[in-house]
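Work through the exercises below with the sequence and the model side by side, trying each task before reading its solution.

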Amino acid sequence: MRRPLTLVLILAALGAAEFSRAVEPSPLAPAEAIFLDFLDAHGAVGAIDSGLWPDFQGRSRESWDTTVKDRHRALVDQLAELDVEALSPEDQAALTAMRVTLADWGDPSPAVANNPDDPTCASRTDPKLDYEGLSAALAACYREIGNNLKFEAGTIDRGGALGLWSDLEEPARRKALHDAFIPLWTALNGNNEPDSPYRRLIKLAADAEKTNGSGVAAAARAIGVSVEDVEKWLVQILSAWRDATGPEMVEPWDYRFAMGEGGRHLAKALSGDILALDHRFYRDLGVDLDALGVVYDIKNRPNKSPLAYTDFLTRGRYLPNGEWKKTIARVVGRYEDGGLSSLNELVHENGHAVHISAIRNRPAFTDWTDTLFTEAFADVPSWSVYEPVWQQKYLGLSLPVDVSLKGLFGSVMLDIAWSLFELRMLRDPAQDPNALWTDITREYLHITPHPEVSWWAVRVQLVSRPGYMVNYGLGSILTAEMRAATTKAIGPFDAGNPGWHAWTSEKLIRFGSQKSAKKLMDELLGRPLAPDALLAEIHRIQ
């Protein structure tokens with residue numbers, strides 16, 4: 001969409017004014033420079049620890065880790081010298097943002113640093129492990145066991161198994177794939193005894209939630225609602241799905257197959273390079289991912305993270321001449337091949353890359369927007385691959401809308417079910433997780449009860465960050481709202497729209513950590529957030 005010249009001039013003036021504020025000398029300027037160096041050193045350590053490279057920019061992990069500790073110490077000293085009361089409101093907000101980010105990273109000094117030997121899956125039985133240690137041990141189970149599931153004549157990793165479930169025509173093979181997960185589920189939750197590793201973890205997580213609200217409470221607070229409001233919305237959405245999808249019951253190992261009908265029809269059209277397909281779509285949205293310099297770690301290799309994620313490699317910053325040195329994002333996953341669900345996940349991860357690459361702000365705010373918004377925004381483009389208009393343009397064939405949307409929302413409803421599961425487990429951590437999961441999935445997803453199996457435990461986030469799943473479940477409400485508002489403002493974008501990137505950058509993602517999810521959504525919508533847009537999408541199935 002071409003803007004009128006007067007609007008272009010106004011926006012240019014606003015951009016210039018914002019830039020002048022970003023580089024205007026401030027008592028925080030020295031601290032913010034150190035802050036960026038600290039974050040970049042962390043990005044280097046993270047890339048090396050992921051196994052992507054043995055070193056980065058010619059420096060070893062030890063060298064970068066030394067920089068992390070040195071810059072942290074210098075930053076703490078610099079902040080201690082500030083006269084906080086004398087700071088302007090803008091600088092006080094920037095200081096708060098830096099302190100939040102520092103709290104997220106923790107103190108890297110040797111006196112408080114974690115043991116360099118990360119817990120292994122076998123460590124999960126150690127009663128001395130604290131919350132962080134036990135969480136790390138259970139996450140290791142996904143790497144050690146989940147990446148090496150025994151299936152038929154070989155092994156398969158957890159992510160591959162989740163995708164394969166949608167494609168296996170034979171019910172017996174789907175059941176066998178389900179059974180391949182049992183060693184992982186047993187490692188995590190034993191025989192579901194009250195002191196199983198997971199049940200010990202969720203009790204510790206509930207205590208942490210009361211202290212800092214790092215999961216469900218933080219997500220609710222981010223959009224200005226209560227946990228009770230969140231629970232009401234989750235139930236309302238699940239009820240709409242229940243009513244839209246009929247009463248037929250399916251076994252747990254058949255659910256993804258039932259929802260994946262559309263993906264199977266499109267399988268041949270998706271047999272090529274899904275990264276190239278992803279990049280083509282983003283170019284049509286006005287984003288050149290190659291020009292952004294995104295680094296991809298998407299090939300299979302031993303001991304790779306069981307979790308797909310995107311992170312900063314280096315942070316963007318304004319140079320002395322006023323130019324912006326771009327952010328470099330790093331995408332991690334397993335995308336050498338895959339179907340519609342893998343493409344959806346890849347587009348989601350690149351949504352994160354687009355998000356952080358668009359940030360233009362002073363150093364204190366060059367961090368993620370809060371987690372709820374971050375996950376929701378990444379789904380704004382990724383949901384498009386389930387729209388028939390996207391499929392027709394990029395694959396040359398398309399599915400009936402109800403078939404395609406079952407593929408999308410069948411997965412989204414699992415996320416919402418996990419959100420409700422964690423919300424209720426954190427509220428009452430003494431309850432039986434298998435029984436709770438059985439109740440939720442039987443009532444809303446039409447899944448046959450199997451309380452004897454901890455089949456809920458397929459997502460690593462359930463142990464690595466208990467309470468995190470709400471950012472996907474509740475986030476779907478934000479995603480639907482953003483998609484509807486974007487379409488209203490610039491027109492349809494499911495099959496590309498060259499104005500999408502400029503518009504979303506200006507309205508939503510250039511601010512970094514300066515604006516909360518609530519502020520962004522309030523400004524976008526001009527009204528309180530509501531689940532109506534998501535409910536309307538579910539009703540399209542009927």
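Predicted model: local features only at pLDDT ≥ 70, side-chain atom pairs only at ≥ 80, totals over all residues.

Residues are numbered from 1 along each chain as its sequence is written, and side-chain values use heavy atoms, with hydrogens and water left out.

**Exercise 1.** Determine whether the radius of gyration agrees with that of a compact globule.

Solution. Begin with the rule, which is 2.2 Å times the number of residues to the power 0.38, the radius being taken over C-alpha atoms. Because the chain has 542 residues, the rule gives a value near 24 Å, and the chain's 23 Å agrees with this. Next, consider the extent along the principal axes, where the C-alpha atoms fill a box of roughly 65 × 60 × 45 Å.

**Exercise 2.** State what share of the residues is buried.

Solution. Taking buried as under 20% relative accessible area (1.4 Å probe, protein chains only), one finds that 54% of the 542 residues qualify.

**Exercise 3.** Describe the largest nonpolar core and the surroundings of Met482.

Solution. A nonpolar core is a set of buried Ala, Val, Leu, Ile, Met, Phe, Trp, Tyr and Cys residues joined through side-chain atoms within 4.5 Å. The largest has 140 residues, with Met413 and Met482 making the most contacts inside it. Helix α19 (residues 401-427) gives the most to this core, namely 14 residues. Leaving aside neighbours within four places in sequence, Met482 is in contact (heavy atoms within 4.5 Å) with residues including Phe373, Phe377, Leu508 and Met521.

Methods: Buried < 20%, exposed > 50% of the residue type's maximum accessible area, 1.4 Å probe, protein only. Helix = DSSP H or I, 4+ residues; strand = E, 2+ residues; numbered from the N terminus.
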